[in-house]
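Reader: Please present the model, so that its charged contacts and overall dimensions may be discussed.

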Amino acid sequence: MNNKKRGLWLDSAERYLEEHGWATSEMLRANVVNADGIPYKEAPTPHELPMLLRGDKRFIVIGKHKVQNYKVSMWGLLDG
């Protein structure tokens with residue numbers, strides 16, 4: 001995934017979180033769409049996505065949720 005596509009996807013993820021409040025990585029992968037409502041052909045992989053979100057200062061982990069035998073991060077937006 002190149003930098004331009006990565007930036008577009010992260011901008012769309014920010015819009016999704018503004019509308020819905022929080023989401024897990026899997027929710028973001030499944031629900032982030034472009035301006036026309038079409039899912040991106042090149043979305044971050046499940047391993048790449050948390051690294052992208054941690055590297056972008058707009059996103060923060062707002063909590064953890066236990067799913068079966070592991071915990072998943074709930075992502076939100078940094079206020080201000």
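Reader: Is arginine 6 buried, partly exposed or exposed?
Author: In this predicted model, the relative accessibility of arginine 6 is 22%. Buried means under 20% and exposed means over 50%. Arginine 6 therefore counts as partly exposed.

Reader: With which residue does arginine 6 form a salt bridge, and which parts does the pair tie together?
Author: The closest N and O atoms of arginine 6 and its partner, glutamate 48, are 3.7 Å apart. Arginine 6 lies in helix H1 (residues 3–20), so the pair ties together parts that are 42 residues apart in sequence. The partner, glutamate 48, lies in helix H3.

Reader: What is the N to O distance in the salt bridge of arginine 58 and glutamate 14?
Author: Arginine 58 sits in the loop between H3 and strand S1 (59–67), and glutamate 14 in helix H1, 44 residues apart. Arginine 58 is partly exposed at 25% relative accessibility, and glutamate 14 is partly exposed at 21%. Their side chains meet at 2.8 Å.

Reader: What radius of gyration does the protein have?
Author: The C-alpha trace spans about 35 × 30 × 25 Å along its principal axes. For 80 residues, a compact globule would have a radius of gyration near 12 Å, and the protein agrees with this, having 12 Å.

Notes: Residues numbered from 1 in each chain as written. Predicted model: local features only at pLDDT ≥ 70, side-chain atom pairs only at ≥ 80, totals over all residues. Heavy atoms only, no water. Rg over C-alpha atoms; globule rule 2.2 N^0.38 Å. Salt bridge = Lys/Arg side-chain N within 4 Å of Asp/Glu carboxyl O. Helix = DSSP H or I, 4+ residues; strand = E, 2+ residues; numbered from the N terminus. Buried < 20%, exposed > 50% of the residue type's maximum accessible area, 1.4 Å probe, protein only.
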